[in-house]
Every structure is written in C-alpha cells, then in structure tokens.
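Reader: Hello, and thanks for sitting down with me. Could you show me the sequence and the model, so that we can go through them together?

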Amino acid sequence: MTWVLVSVMTVATALSDLLQSYEMKRAGAQSVGARGMGRLLRMIVERRYLLLSIACLAVSFFSFMALVQSAPLSFAVPASAASFILETVAAGILLKERIGPRRAGGALLVLCGIALLGK
Amino acid sequence: MGTSLTVRTYSWLTLFLALRGGGNLCLAWGTRRLPETLAANPLVYLRSLFDPFVATGVILLIVALLARLALLSVADLSFVLPMTAIGYLVAALLGRVILHEAVSPQRWLAVILIFAGAALVSSTPHDTTGEPEKP
C-alpha cells in the first residue's frame, strides 16, 4: 500500500505542476499586486486545466496525509521529492523546456538536499 | 529575457517564498496552541480553522499558491521547482529563530545543498519556451 500511495502522490503532483505550467505560460506574464491576484483567482475558475491541476493537487495532498499516517515522516518527505525528477524530465519532453547541464545539476543538488532533510 | 521580466520573476518568487514561509509559521504556531490533537475526524480540522493563527496560515498559503501560478507564467517549471525549494531554507531558519526548534548539522548541510542547487539554477535562463497565446 505504501508504494501505491507514493506512486499516486508523485504522479498527481507532477500532473498538477505540468498542467499549471502549461496553462500559465499560455496565459502570459501576470502583474504583481492585488489586481493581479484577483485576475489569477478568476483564471482558475475559467481555465479547465487549472481546475484539473487543483484537483490533482488535492489527490496529492490526501495521498501524502494517508502516507504519513502509515509510514514514517523520514520516509514520506524524501519520497515526495521523487516528483522532482519526474517533473524535470517531463518539463523537458512535454513542455519543451531546455534543460541544460547547469539546470540539471542544480536540480540534482536540490534533490539530494531534500532527501537529506527527510532523513 | 528582458530586465522587467527578470524583475517580475524574482518579485513573484520573493512574494511566494515570504507567503509560504509566513503561512507555514502561522500554521505551526496555531496548531501547537490547539487544545485537541488533529486526527482523522474532519470536524477537528474544521474547528482548528477558528484559531486566528491557523486561519491566517491557511489564507497565506492560498495566496502563496496564486503567487506560484503567476511565477509559472513567467518562468519554466524546471526553473521554478529548484528555486522554490529555497522555502526549505526559510522554514529551517524560521523554525530555528522564531519557534526555537533544534536544527541538526545534517539538516543545515541539506539546506546548503538546496541553496547551492538553487543558485546554480538561477544562473540559467528563466524561460526557454515560446510565446503566450494571443488574447
């Protein structure tokens, strides 16, 4: 059951972030300030991919809650970082982002740090 | 990438990190003051929202989600992921300074790794994809 929860959490997080990134890039640069925040709230309701991303975020959150109920926190936190690798690879393949050696190296350093945090 | 877009990227990033740090701090502070333990019963979670610190924490985290969405409008996902991990550093510092939590040397090492990774990623272009849709 533990690995099922980890898989669901990882896939749901990655899907949520990919959908958010895709939709927000289509929407264009947002302005900083109260008006920008209001526009963002309206955008969530209007754009179905953003709504779907919020649903994925909820699945990820509840999977994490179920995971920490049955598995140690020292396992759950680094396990949640697994989405980091999946998302970086998917961003390169699906969103056509250019992930050079410096960005990949930086992401790897961050992943090591997160894994160390959870120990 | 233009200077104004770089400023906007780092403005959203700073706002997101401040909101998430503040939100987590308020949640931690608020939940520790609660008279009952959070359990599987959803009513306990609903009651906890009446605590001013918990409520403030939830509101700050919702606004943080909006700031992250805006950040994704100006930067790549593969850029945003490691940069927002700076939040772990903010959480460790806030926990140490304000909540007086013990932070082990291993945890500080983790924080340094995250910071080094984020610094490396910050030296790459924020946006490597195409133009937004026409309105």
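Reader: Leaving aside its neighbours within four places in sequence, which residues is B:Thr84 in contact with?

Author: Happy to start there, with the reminder that this is a predicted model. B:Thr84 is found in helix α4 (residues 77-84) of chain B. Setting aside neighbours within four places in sequence, its contacts are B:Leu13, B:Phe16, B:Leu17, B:Arg20 and B:Leu71.

Reader: Is B:Thr84 buried or exposed?

Author: A residue counts as buried when its relative accessible area is under 20%. B:Thr84 has a value of 6%, so it is buried.

Reader: How far does α3(B) reach from its first C-alpha to its last?

Author: The helix has 23 residues, and at 1.5 Å a residue the expected reach is 33 Å. The model comes close to that, at 34 Å.

Reader: Which residue caps the N-terminal end of α3(B)?

Author: Look for a side-chain oxygen that lies 2.9 Å from the backbone nitrogen of B:Phe53. The residue that caps the helix in this way is B:Asp51.

Reader: Which residues of chain A is B:Leu77 in contact with?

Author: Within chain B, leaving aside neighbours within four places in sequence, B:Leu77 is in contact with B:Leu72. In chain A, the partners are A:Asp17, A:Leu18, A:Ser21, A:Glu87, A:Ala91, A:Leu95 and A:Glu97.

Reader: Among contacts in chain B between residues at least 6 apart in sequence, what share joins residues at least 24 apart?

Author: Chain B has six helices and zero strands, and buried residues make up 41% of its 135 residues. Of the contacts you ask about, the share that joins residues at least 24 apart is 73%.

Reader: Among the elements of chain A, which has the lowest mean pLDDT?

Author: For the chain, the mean pLDDT is 82, and 92% of the residues reach 70 or more. Helix α1 (residues 2-27) of chain A has the highest mean among the elements, at 88. The lowest, at 69, belongs to helix α4 (residues 73-80) of chain A.

How values were computed. Residues are numbered from 1 along each chain as its sequence is written. Chains are lettered from A and ligands numbered from 1 in the order in which they are written. This is a predicted model: local features need pLDDT of at least 70, side-chain atom pairs count only at pLDDT 80 or more; totals for chains, interfaces and linings use all residues. Side-chain values use heavy atoms; hydrogens and water are left out. Contact means heavy atoms within 4.5 Å. pLDDT is the predictor's confidence in each residue, from 0 to 100. Helices (H or I, at least four residues) and strands (E, at least two) are DSSP runs, numbered from the N terminus. Buried means under 20% relative accessible area, exposed over 50%, partly exposed in between (1.4 Å probe, protein chains only). The expected span of a helix is 1.5 Å times one less than its number of residues. A polar contact is a pair of N or O atoms within 3.5 Å; within protein, one must be able to donate a hydrogen and the other to accept it, and residues adjacent in sequence count only if both atoms are side-chain atoms.
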